[in-house]
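Have a look at it first, and then we'll go through some of its details together.

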Amino acid sequence: MRLPHWLSAHLAALRALLVLTALLGIAYPLAVTAVARAPGLSHHADGSPVTAGGRRVGSALIGQSFTGADGRPLARYFQSRPSAAGPGNGYDPAASGGSNLGPNSVVDRGPDRPSLLTQVCARSRAVAVLEGVDGRRPYCTRDGVGAVLAVFHRDGVTGPVTRVVSLNQGCPAVPFVAAYRGVPVECARTAEDYAHGVVTPIRGDAPATPVVPADAVTSSGSGLDPHISPAYAKLQVNRVARVRGTTVDKVAELVDRHTAGRVLGFLGEPAVNVLDLNLDLDRTYPYRG
Amino acid sequence: MSPTSAGVLFIASLMVALAAAYAPVGDYLYRVLTGARHSRVERGVYRVVGVNPDGEQTWSGYARAVLAFSAVSVLFLYVFLRLQNHLWLSLGRPPVRPDQAWNTAVSFTTNTDWQSYAAESTMGHLVQMAGLTVQNFASAAVGIAVAAALVRGFARSRTTLVGNFWVDLVRVCLRVLLPVAVIGALLFVAAGAVQNLSAGRDAHTLAGATQHVPGGPVASQEVIKEFGTNGGGFYNANSAHPFENPTAWTNWLQVFLLMVVAFSLPRAFGRMVGDNRQGLAIAVIMAILAIGSVVAVNAFQVAHRGTVPQAVGAAAEGVEVRFGVPQSATFAAATTLTSTGAVDSVHDSYTALGGAIPLANMMLGEVAPGGTGSGLYGILVLAVITVFVAGLMVGRTPEYLGKKIGAREVKLASLYFLTTPALVLVGTGAAMASTWARASMLNSGPHGLSEVLYAYTSAANNNGSAFAGLTADTSWYNTTLGAVMLVGRLLPILLVLGLAGSLAAQQPVPPSAGTLKTHQPLFVGMVVGVVLVLVALTYLPALALGPLAEGL
């Protein structure tokens with residue numbers, strides 16, 4: 001019996017797909033897996049596990065959060081970056097990813113959905129309080145939310161200003177500026193709709209280069225970033241030294257030892273592996289809390 | 001060294017490496033696509049498939065083979081995804097839902113690798129390696145095969161035959177993709193990428209919590225994800241994930257891998273038509289567009305305009321510390337200039353104009369250098385349109401590489417160019433008209449429109465990267481984006497093969513004094529101009545409402 005032409009063509013395609021599946025989908029990955037058992041490769045192939053005291057404490061490549069059960073930073077440890085991988089403090093490898101919030105995400109949509117701007121401002125303030133430094137940033141209020149006004153005009157987007165609301169400061173908060181173009185600024189009420197106001201972020205007088213570094217106030221693309229910048233590590237040295245009862249110089253030296261420069265001098269950025277650093281701290285300057 | 005100068009060196013070193021690879025890789029591809037000998041393994045494969053490797057096909061026979069292979073691939077992958085819970089290494093994960101399985105099956109078969117799922121919580125290991133990885137190879141090979149058929153159309157005369165699809169498919173898989181995949185996978189493992197069949201293990205963190213560290217055959221998928229310009233990540237975070245892209249040098253290697261085939265194919269084209277200068281001209285066109293785009297993304301990201309980047313002091317949201325802003329920006333440009341769609345940082349969080357360039361890159365139709373194969377046939381179609389435009393200017397019948405560009409050729413080329421914009425703009429329009437499609441936007445205002453526009457642009461051009469804020473795992477987006485990916489891949493392929501057939505049948509015309517010299521700077525400049533003008537005319541209204549409204 002002769003098969004119709006269209007059917008025999010599809011059967012040939014199916015046979016081709018099955019052959020390719022056997023070669024490229026089974027043989028190839030299994031061969032690579034087998035070769036990756038070789039000494040020197042197997043540690044990486046298994047996910048670069050890190051052990052301490054006989055226990056597996058994580059992976060050298062996967063970041064983790066150093067916060068207590070209450071979600072607050074453990075002062076004896078260097079802190080990782082904020083993370084959007086999973087709820088709470090993130091760093092859940094089953095939910096890798098970034099915040100996906102855009103550069104003009106400036107208006108909070110309720111307490112559970114803060115804007116990216118408010119998240120940045122709140123993190124900056126929290127880090128500043130923890131480290132005892134100046135946490136001011138452009139476009140941030142002193143209470144750590146986005147400094148954004150809804151400006152109402154008489155004729156929509158033109159004409160004299162009739163009303164001004166600080167969008168991210170829910171009542172009874174005191175607005176970050178008393179008046180805008182001569183009109184008193186109000187706090188935001190949950191029941192009201194401010195969609196007709198022109199969203200106007202206010203820069204304020206904070207320095208353009210804030211004391212708290214960029215990586216300390218942003219989440220990474222993976223949410224599993226194992227690194228912080230040398231600047232953020234440096235910011236944390238005083239606090240860690242104080243809590244561990246040692247000197248700033250000794251902790252700073254440890255940070256230097258765990259700072260990796262650019263590969264070949266130009267690939268990537270200098271970075272500090274937080275888990276490695278904290279493990280070394282525990283070994284060298286144990287915490288007696 | 002400042003991050004900016006390191007970023008400049010990053011770009012410069014990539015350019016040097018790609019230029020160095022151009023001739024050897026292109027010559028190797030030429031030998032693979034034109035050689036007469038079959039290896040013993042290949043003969044075995046042809047025997048199992050039941051085809052005669054020395055018999056060639058007409059353009060319609062070639063097209064039927066491509067369609068049959070694509071149809072079987074989509075169906076096979078769909079069934080695989082639906083039944084994964086019954087197979088080994090499923091890690092106890094349930095079957096993929098029908099609409100998502102349709103979307104994923106089409107996505108990987110069409111070299112798009114759009115992912116509406118979070119891989120680490122959806123896919124078992126077997127479906128990743130024996131389902132998705134296979135299509136990472138096969139879809140890349142299909143692209144190169146179709147490009148080879150078109151080039152044969154230019155190179156041959158008075159014949160109906162454009163090659164044998166099965167031979168092209170098998171040779172590209174086994175002689176080009178597989179050897180690089182094996183070496184590359186081991187390099188990635190050496191850098192820290194995971195390669196095992198484990199479900200992962202729990203770790204007890206220093207802070208006293210439990211963290212589940214995942215496993216999987218990652219490195220073997222990672223390398224072909226880039227080298228075949230696929231882009232579908234083993235994990236949700238894609239190339240930002242430290243297990244996929246552990247170090248700054250793997251980041252460089254990924255950008256190199258995803259560009260090298262597409263940038264070297266013009267050399268193979270030049271060899272096949274018997275004039276290396278023609279190939280070089282095409283490569284230069286690609287390079288001009290690519291360099292412009294890479295520089296633009298870098299400039300916008302480093303300048304970090306916009307409220308949040310100004311508050312932060314850098315465009316650092318969604319960027320890994322080990323890569324930094326400039327080198328992530330280069331990755332973003334490269335992945336959207338090719339049809340890869342892998343991401344090592346979150347495009348949705350880029351500055352408004354920094355995020356607009358990746359979108360515009362895809363709108364170029366992915367020809368600079370484009371996907372493996374699809375980039376070459378895309379730019380050759382645009383070159384055909386350019387000689388037509390030039391012919392109109394001087395009032396003589398246009399010709400390219402000795403072939404007359406007549407009414408039939410121009411119709412096929414124009415339909416090719418119109419397919420993707422039609423899919424993008426109709427798709428985005430339909431989504432914006434639907435309440436539930438609009439509800440999927442994470443950001444509001446112009447940025448929300450950018451998310452939807454980006455999704456349809458990415459799908460129609462078979463890129464697969466995302467402004468990931470969009471909740472794309474809904475039956476609306478799974479179904480419509482699946483359809484857009486399928487039509488956006490197969491309709492252009494049919495038109496290209498039709499063009500190949502019509503060119504191959506022609507008797508070549510000898511060049512005369514009036515022939516436009518297609519290897520000279522004038523022509524290079526004209527193609528660049530035509531590409532930019534066509535894209536601007538097509539997409540400017542949509543871009544004006546999205547990223548331009550936000551960024552200006």
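## A few strands in chain A

Let's start with strand E5 (residues 179–180) of chain A, which pairs with E6(A) in the antiparallel sense over two bridges. Strands here are DSSP runs of at least two residues (E), helices are runs of at least four (H or I), and both are numbered from the N terminus; two strands pair if DSSP finds at least two bridges between them. Within this pairing, A:Ala179 sits opposite A:Pro184 in E6(A). The hairpin of E5(A) and E6(A) has two residues between the strands, and A:Arg181 takes a positive phi near 50° there.

E6(A), residues 183–188, has another partner too: strand E4 (residues 158–170) of chain A pairs with E6(A) in the parallel sense over four bridges. Here A:Ser166 faces A:Cys187 in E6(A).

## How to read the model

This is a predicted model, where local features need pLDDT of at least 70 and side-chain atom pairs count only at pLDDT 80 or more, while totals for chains, interfaces and linings use all residues. Residues are numbered from 1 along each chain as its sequence is written, chains are lettered from A and ligands numbered from 1 in the order in which they are written, and side-chain values use heavy atoms, with hydrogens and water left out.

## Where the two chains meet

How many residues does the contact take from chain A and from chain B? It takes 99 from chain A and 100 from chain B, with contact meaning heavy atoms within 4.5 Å. About 7,700 Å² is buried between chain A and chain B, and carbon and sulfur atoms give 67% of that. Buried area is the accessible area (1.4 Å probe) that two parts lose on being put together, summed over both. On the chain A side, A:Tyr28, A:Asn100 and A:Pro103 lose the most area to chain B, together 10% of what that side buries.

Across this interface there are 38 residue pairs in polar contact, both residues at pLDDT 80 or more. A polar contact is a pair of N or O atoms within 3.5 Å; within protein, one must be able to donate a hydrogen and the other to accept it, and residues adjacent in sequence count only if both atoms are side-chain atoms. Salt bridges across the interface of chain A and chain B, on the other hand, number zero. A salt bridge is a side-chain nitrogen of Lys or Arg within 4 Å of a carboxyl oxygen of Asp or Glu.

## Salt bridges elsewhere

The whole structure has 26 salt bridges over all chains. One of them joins A:Glu131 and A:Arg239, with the closest N and O atoms 2.6 Å apart. This pair links distant parts of the chain, since A:Glu131 is in helix H3 of chain A and A:Arg239 is in helix H4 (residues 230–244) of chain A, 108 residues apart. A:Glu131 counts as buried at 12% relative accessibility, and A:Arg239 is buried at 2%. Buried means under 20% relative accessible area, exposed over 50%, and partly exposed in between (1.4 Å probe, protein chains only).

In chain B, B:Arg271 forms a salt bridge with B:Asp27, the closest N and O atoms being 3.0 Å apart. B:Arg271 lies in helix H9 (residues 248–272) of chain B and B:Asp27 in helix H1 (residues 3–34) of chain B, so the pair ties together parts 244 residues apart in sequence.
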